[in-house]
Amino acid sequence: MEEKEMLGLAEKAAQQFELAGEAKSIRPYGSGHINDTFLVEGERGYILQRMNRSIFTSPEEVMENIVGVTTFLKDKIASAGGDVLRETLTVIPTKENLPFYLDAQGEYWRMYYLIEGAVSYDRVEHEKDFYESALAFGNFQQLLSDYPAATLHETIPGFHDTKARYEVFLKAVEEDACGRAKYAAEEIEFFRSRKETACVLGELLAAGKMPLRVTHNDTKLNNIMVDQETGKGICVIDLDTVMPGLAVNDFGDAIRFGASTGEEDETDLSKVSCDLRLFRIYTEGFLKGCNGNLTDMEIAMLPMGAKVMTYENGIRFLTDFLKGDVYFKIHRENHNLDRCRTQMKLVADMEEKWGELEKIVQSCAKQ
Ligand code: ADP
Ligand code: GN1
Ligand code: MG
């Protein structure tokens, strides 16, 4: 869809919400891969999003989760004397008092307050921000540790079921819907030869060796708002995938994105590696944020969480490349293949540095 047409739809959608005053301007915003995000400015700032309906097939359930989680968090934030409008998302109701607006095309829109005076980063610019993001994501899990998990809808079934994702990947290779498999022979082989990586965490969970917790499941650095004045990770955003999951996956996804020396779509792979210093910094922050509540097995499996999440994103990007770029937003040809390659480079680098990753985790755990 043309940008102008999309903006027109967004303007119309914005009018359906209960805003303070008039919306004066509206423009595309942020660099998420999934939803269409707009900044609406008026008497105050708002974030308007058109939810990705092909990914979130039950948008109403997603919103039920988000309203539930943010209401729960607001209670805790208020009791701790925090700022309920900045430390978690606020769902703005429509004029009909619904948490979303369903437009004539069947698209779902939602609105939040903009978290003012805060930024989200697409890469680590200062180590301290990375530490603060780890603290905030760890703390997020702790705040939700007594959330009634059974009330949460599974917004994307099997989201971090890496083994199931591996099967989907194999099927995409077999079907080769766009005739692209021939361009990715090495990449396909890389992931195939590491099938055990897809199974390890699922097996521990099934054997009762790791607990299911309420987790965020999408802990990219740009899913956290960092206060511009204090540098604190003030608000965890992008709550679409808050569901029961593994703590080590939240840790791992943040590492694969933030502890990489290159961007997720870097084409010069010599720039991509797992930075041990950043790995240590995130580990320190995450353990502190979790406040001593991880089990010994979870702590031991933190490096594995990093490798598995990197592997998983690698096969997801590759699968999407093979299927014709139907899931992640792309901005250039072969974008998903480029993303897949950075994940491969990271997995290989983590394998080489495995002993060091384990040592770092053990030394942080003793602190
Ligand atoms: P996606 O699922 O596409 O990643 P996000 O919910 O993460 O969508 O939003 C995309 C980006 O928009 C975020 O990375 C962040 O920069 C910005 N953003 C989203 N919600 C807010 C908010 N309430 N306040 C400020 N910025 C936000
Ligand atoms: C997506 O929504 P966003 O851009 O924060 C994706 C994550 C991937 C990530 C890769 C719902 O995250 O799972 O790890 O891209 N989110 C969803 O960058 O699929
Ligand atoms: Mg996001």
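Contact here means heavy atoms within 4.5 Å.

## Basis of the model

This is a predicted model, in which local features need pLDDT of at least 70, side-chain atom pairs count only at pLDDT 80 or more, and totals for chains, interfaces and linings use all residues. Residues are numbered from 1 along each chain as its sequence is written, and side-chain values use heavy atoms, with hydrogens and water left out.

## Helix α10 and helix α6

Helices (H or I, at least four residues) and strands (E, at least two) are DSSP runs, numbered from the N terminus. In α6, Lys195, Thr197, Ala198, Val200 and Leu201 meet Met304, Gly305, Lys307, Val308 and Tyr311 of α10. This contact of α6 with α10 comprises 6 nonpolar, 2 polar and 2 charged residues (Ala, Val, Leu, Ile, Met, Phe, Trp, Tyr, Cys and Pro count as nonpolar, Asp, Glu, Lys and Arg as charged, and the others, Gly among them, as polar).

Helix α6 (residues 195-206) packs against helix α10 (residues 302-323) at about 125°, with the axes 9 Å apart. Axes are lines fitted to C-alpha atoms, for helices over the stretch in contact, and angles run from 0 to 180 degrees between N-to-C directions.

## Helix α10 and helix α7

The axes of helix α7 (residues 247-258) and α10 come within 7 Å and cross at roughly 65°. The contact of α7 with α10 holds 7 nonpolar, 5 polar and 2 charged residues. Among the α7 residues that meet α10 are Phe251 and Ile255.

## An antiparallel sheet

Three strands form an open sheet in the order β6-β8-β9, with antiparallel pairing. Strands β6 (118-119) and β9 (233-236) stand at the edges, each with a single partner strand, so one side of each lacks a neighbour in the sheet. Two strands pair if DSSP finds at least two bridges between them; 2 bridges join β6 to β8 (residues 224-227).

Conventions. Chains are lettered from A and ligands numbered from 1 in the order in which they are written.
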